[in-house]
Amino acid sequence: MEKTFHIRLDAATQTFSPAHFITFDSSQCEPIHGHDFHVALELEQSLSPAGYVVDFIPLNETLMEILKKLDHKTLIQGENPNIRFTMEEKEPEDAPDMVDWMSRVGGWLSSVNQYENGTEKQLTPDDYFQKMALMATDGMNLDEETPEKCVLESDSGKCEISNGMSPMSVELEVRYGSRRWVFPMEDCVILPIFNTTAELLAEYIAEQLAQCELLSAHRWTRLTVEVEEADGMKGTFTLKAE
């Protein structure tokens, strides 16, 4: 007689709330709308020597990290050949205190004391840059020492900007047939799936889980993910170990 064991994670907190649209053909799609998706998973695996399949807590933490990246984002189906993307950098429309900052920089450049101990000091470009960076931080306080740069991190990489200065924004234009949308890039996730249906979202989440360190040993035999987009309406995907 064959025996199998599996665990199920189905907590009410296993949710993510994105916006999306489902495409139907080369020119028709739903209006953009949102869901409070609920996610459940089952993992079938041989028992450990201690008598359990896998520790619930790290598996739940891994799932929640995956869902967090999708939460409050607009989900775009990146492998749909009928969808076209354009990304464009935009100057910030409002640059608060920029005029005042430039005035202060100009004032400093015209009045800076270039003499130390009676000897003329030649200022290098780095001297100017560091002073301007400090003046751009913390309300342009010239007396406080503050970091010259901060680092913004995202899935697409890192970007260094001077503190107090407005970074460039990136707009994502999405076209599908006659439809056109423009989003802030930071509010979107382009997924490697053909459509943002519950079934394909379940597949994406399952494959992300399968690649995590906790499951990388491949002791499991079956991983099933359910994505419920409305009461009683679920899409399910099952991944079986080879």
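Is Glu42 buried or exposed? Glu42 is buried, with a relative accessible area of 18%; buried means under 20% relative accessible area, exposed over 50%, and partly exposed in between (1.4 Å probe, protein chains only).

This is a predicted model, in which local features need pLDDT of at least 70, side-chain atom pairs count only at pLDDT 80 or more, and totals for chains, interfaces and linings use all residues. Residues are numbered from 1 along each chain as its sequence is written, and side-chain values use heavy atoms, with hydrogens and water left out.

The structure holds eight salt bridges, a salt bridge being a side-chain nitrogen of Lys or Arg within 4 Å of a carboxyl oxygen of Asp or Glu. Three of them are listed here.

| Pair | Closest N to O |
|---|---|
| Arg8 and Glu226 | 3.0 Å |
| Glu42 and Arg222 | 3.4 Å |

Arg8 pairs with Glu226. Because Arg8 lies in strand 1 (residues 6-9) and Glu226 in strand 15 (residues 220-230), this pair ties together parts that are 218 residues apart in sequence. Strands (E, at least two residues) are DSSP runs, numbered from the N terminus. Arg8 is partly exposed at 32% relative accessibility, whereas Glu226 is buried at 18%.

Glu42 forms a salt bridge with Arg222. Glu42 belongs to strand 5 (residues 37-45) and Arg222 to strand 15, so the pair links parts 180 residues apart in sequence. Arg222 is buried at 17% relative accessibility.

Glu44 is in strand 5 and Arg222 in strand 15, so parts 178 residues apart in sequence are tied together. Glu44 counts as buried at 18%.

Through shared partners, salt bridges join Arg8, Asp10, Glu42, Glu44, Arg222, Glu226 and Lys234 into one network.

Notes: Helices (H or I, at least four residues) and strands (E, at least two) are DSSP runs, numbered from the N terminus.
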